[in-house]
Structures are given as structure tokens and as C-alpha cells.
Amino acid sequence: MNTRRNPKEGSKRGVRPGVKAKAQPRPGTRGPHGKPGGKPGAAAKAASPVKSYTVAEPAELLAFLLKTITSRGRNSIKSMLSRGQVSVNGKAVTKHNFQLHPGQTVTIDLEKPVQMKEMTGLAIVYEDDDLIVIQKEAGLLSIATGEDNELTAYRQLMEHVRQSNPHNRVFVVHRLDRDTSGVMMFAKSEQLQQKLQNTWKETVKERSYVALVEGVVKKPEGTISSWLKETSTLKMYSSPHEGDGLHAVTHYKLIQGNRHFSLLEVHLETGRKNQIRVHMSDIGHPIVGDKKYGAETKAVGRLGLHARLLSFVHPSSGELLTFESAIPKTFLKYSAPAPSN
């Protein structure tokens with residue numbers, strides 16, 4: 001099933017928004033048996049919203065809940081897990097396969113989700129036992145660059161997964177530059193990280209960006225191909241000679257533009273470091289705010305690059321998952337065509 005999400009609908013507290021099939025329903029007001037709505041005063045007449053159960057035999061948390069709570073469906077129960085409404089011995093647990101042991105107490109709050117630690121510069125838009133997909137804001141590092149106390153997406157997600165188990169970890173699958181916003185994915189095991197990276201070309205079905213670039217891009221669409229190399233100052237540059245570096249291919253299509261700026265939809269055939277930034281500079285239209293690669297403007301106060309869409313086959317379930325993020329409003333504003341008389 002094609003699961004298409006808008007990452008802006010995600011909560012900055014790591015709440016997974018509602019998507020079809022495996023993904024979870026959006027939190028909201030619910031009446032008896034998890035059905036939306038309900039008559040006024042119904043909540044007051046209902047039984048206590050907090051239920052506690054003692055574990056009698058070893059079991060995984062989701063299996064225990066499905067067996068114990070017969071009045072709710074599988075998706076409803078998974079939704080409660082994702083929102084932090086289930087705790088074990090007083091500690092919120094969100095992982096489906098969390099191992100329970102006899103004597104432990106599982107508590108479910110049917111009304112009030114546990115307040116998870118707020119994250120800075122990112123929102124979790126999808127999470128399961130294998131993966132986390134986030135929306136990253138411009139200005140947040142994906143991973144640390146060497147400073148011990150740097151705020152990064154990786155560090156915050158590590159804290160998030162360790163709330164349910166101190167041994168849990170996350171692993172970087174791909175990266176976005178600090179000043180690039182948009183959709184990115186993390187794995188929850190090193191084995192899965194390696195699998196995704198080794199099969200990236202087959203697993204990822206679509207990966208697109210939007211780029212706000214300087215000047216008028218006259219050709220409505222095109223393809224840029226070159227070999228990328230890195231200088232001693234860590235700056236990438238193109239070589240036209242085959243084999244002289246890593247081959248990089250970028251496809252672009254004009255969305256809209258004016259005499260100052262153009263907004264492009266960009267599809268990557270390869271995923272090299274700074275690939276889009278170098279290739280836009282190569283065709284004489286550097287990305288807005290990208291001084292490193294020749295930009296002269298800072299119109300939007302950030303790098304004009306946004307990872308808009310990521311579509312991939314889930315490595316465990318085989319489902320096609322698609323996550324889409326809205327084009328930043330400032331990109332649309334500065335590239336809007338001039339009004340016609």
C-alpha cells in the first residue's frame with residue numbers, strides 16, 4: 001500500500017500522525033470503544049480511563065495488549081502505544097515488541113497521552129519497530145560534526161528510543177545538510193542500516209527535492225551529469241571526464257519563476273555529497289543562500305533546498321511508504337511569477 005504523508009502533520013513530541021494500514025490514527029476526541037465523537041457527557045459516565053493489568057506470563061507488549069483489550073482493534077491499540085499512553089511499571093513504552101515479564105504492571109491511560117520530551121528542529125512523522133522517518137528543519141544538524149554538545153537529529157532520536165529501553169539505538173541511513181530541510185529516515189538497528197544502504201537504489205523508489213535558485217532557468221527541464229570530487233577544503237566540484245570522481249546525475253523541472261528566482265523540482269538519480277548544490281551552480285543558477293557554491297542572495301534567510309518526498313519499500317513488510325512535505329512558503333513567495341497586467 002502506498003502510504004503518503006505530509007510530515008508537517010507530525011508532532012514535535014514524536015507522536016506519529018495517522019496514516020493508512022500500518023500507520024496510526026491521528027489523536028483526537030474518542031467515545032466508547034475508540035469511536036470518534038460521542039454524546040455530550042458520555043465521558044463522565046464511562047468507566048475510569050486508566051486501566052492496569054498484571055503480566056502473568058512472558059509476552060511481547062503488543063501481543064499482550066491485543067489479547068487483553070478485546071474491545072479495541074489492532075490499529076487503535078498501536079495508536080495508543082505510539083502516543084505514549086501505555087506504561088510498564090510506571091514508565092511509558094512505545095515499542096511494540098517490548099518484552100514483558102511475569103509480575104510487571106501494564107497501565108493504559110485511554111484519555112491522556114504521556115507528555116514526551118519535546119524535540120527541537122524536528123518532528124517524527126512515522127515510527128515502527130524498524131524505522132523512524134522525520135521532518136527536519138533547516139539549521140539542525142543530522143549528526144554531530146565533532147563538538148560533544150551539538151544539538152543533532154541523531155542525538156534527539158537516540159534519547160527518544162531510549163525512553164522505552166536504555167539499550168535502544170538509532171542509525172543514520174542518509175543525511176541532509178544542516179541548512180537543508182525536509183524528510184529523512186533513520187534505522188533502529190545496524191543490520192537494517194546496512195541493508196538499506198546496500199540496497200538504496202532498489203529500495204528507494206522516489207526521492208525529490210525543491211530548490212529555489214538564482215536567476216531565470218529558461219530550459220523547463222533538463223538533466224545534469226558529471227563526476228564529483230572533493231577538494232582539501234571539503235568543497236565538491238564537477239569534472240566532465242568520465243571516471244574522474246563519483247558519477248552524479250540530477251534531473252530538474254521548472255515549477256515556477258520570475259526574473260529574480262526560479263523554483264525547481266529536483267530528482268536524484270544518484271546521491272552524492274552536495275550533489276544538487278554543485279549541479280545547480282554548474283548550470284549557472286546556484287541555490288539561494290548557498291555562498292559556498294556561488295550564490296549572491298540570501299532572500300529566504302537559509303539555504304533554498306528542501307527534501308520534499310521520500311518513497312521507499314519497507315525492508316521488513318515490503319509495503320511502499322511515501323512521505324511528502326509541503327514546499328516552504330518562502331520558496332513559493334520569492335519564485336512567484338510577476339502578476340500579468
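A hairpin of three residues connects strand 8 to strand 9. The model described here is predicted. Strand 8 and strand 9 both contribute to the largest nonpolar core, which has 30 residues.

**Strands 8 and 9**

- Strand 8 (residues 122-127) and strand 9 (residues 131-136) are antiparallel partners, paired over five bridges.
- Within this pair, Ile-124 lies opposite Ile-134 of strand 9.
- Six of the six residues of strand 8 are buried, that is, under 20% relative accessible area, so strand 8 is largely enclosed by the rest of the structure.

**The largest nonpolar core**

- Among the 30 residues of the largest nonpolar core, those touching the most other members are Leu-122, Ile-134, Leu-157, Tyr-209, Ile-276 and Ile-287.
- At least two residues of this core come from each of strand 8, strand 9, helix 4 (153-161), strand 11 (181-187), strand 12, strand 16, helix 7 and strand 17 (305-313).
- Helix 4 makes the greatest contribution to this core, with four residues.
- In soluble globular proteins, nonpolar side chains tend to be buried together.
- Leaving aside residues up to four places away in sequence, Ile-134 touches Leu-122, Ala-123, Ile-124 and Val-125, and also Ala-153, Leu-157, Gly-182, Val-183, Met-184 and Phe-186.

**The largest pocket**

- The lining of the largest pocket comprises 43 residues, of which Arg-175, Asp-177, Arg-272, Lys-273 and Asn-274 are the closest to its centre.
- Helix 6 (200-203), strand 12 (204-214), strand 16 (261-268) and helix 7 (275-282) are the elements that give two or more residues to this lining.
- Strand 12 gives the most to the lining of the largest pocket, namely five residues.
- By residue class, the lining of the largest pocket consists of 18 charged, 13 nonpolar and 12 polar residues.

- An open sheet is formed by four strands in the order 2-7-4-5, with antiparallel pairing.
- Strand 2 (50-54) and strand 5 (91-92) are the edge strands of this sheet, each pairing on one side only.
- Two bridges link strand 4 (residues 86-88) to strand 5 in the antiparallel sense.
- In this pair, Ser-87 is opposite Ala-92 of strand 5.

Technical notes: Residues are numbered from 1 along each chain as its sequence is written. This is a predicted model: local features need pLDDT of at least 70, side-chain atom pairs count only at pLDDT 80 or more; totals for chains, interfaces and linings use all residues. Side-chain values use heavy atoms; hydrogens and water are left out. On a 1 Å grid over the protein atoms alone, a cavity is a set of points where a 1.4 Å probe fits but cannot get out, and a pocket is an open set with protein on both sides within 12 Å along at least five of seven lines; lining residues have an atom within 4 Å of a point. Ala, Val, Leu, Ile, Met, Phe, Trp, Tyr, Cys and Pro count as nonpolar, Asp, Glu, Lys and Arg as charged, and the others, Gly among them, as polar. Buried means under 20% relative accessible area, exposed over 50%, partly exposed in between (1.4 Å probe, protein chains only). Two strands pair if DSSP finds at least two bridges between them. A nonpolar core is a set of buried Ala, Val, Leu, Ile, Met, Phe, Trp, Tyr and Cys residues joined through side-chain atoms within 4.5 Å. Contact means heavy atoms within 4.5 Å.
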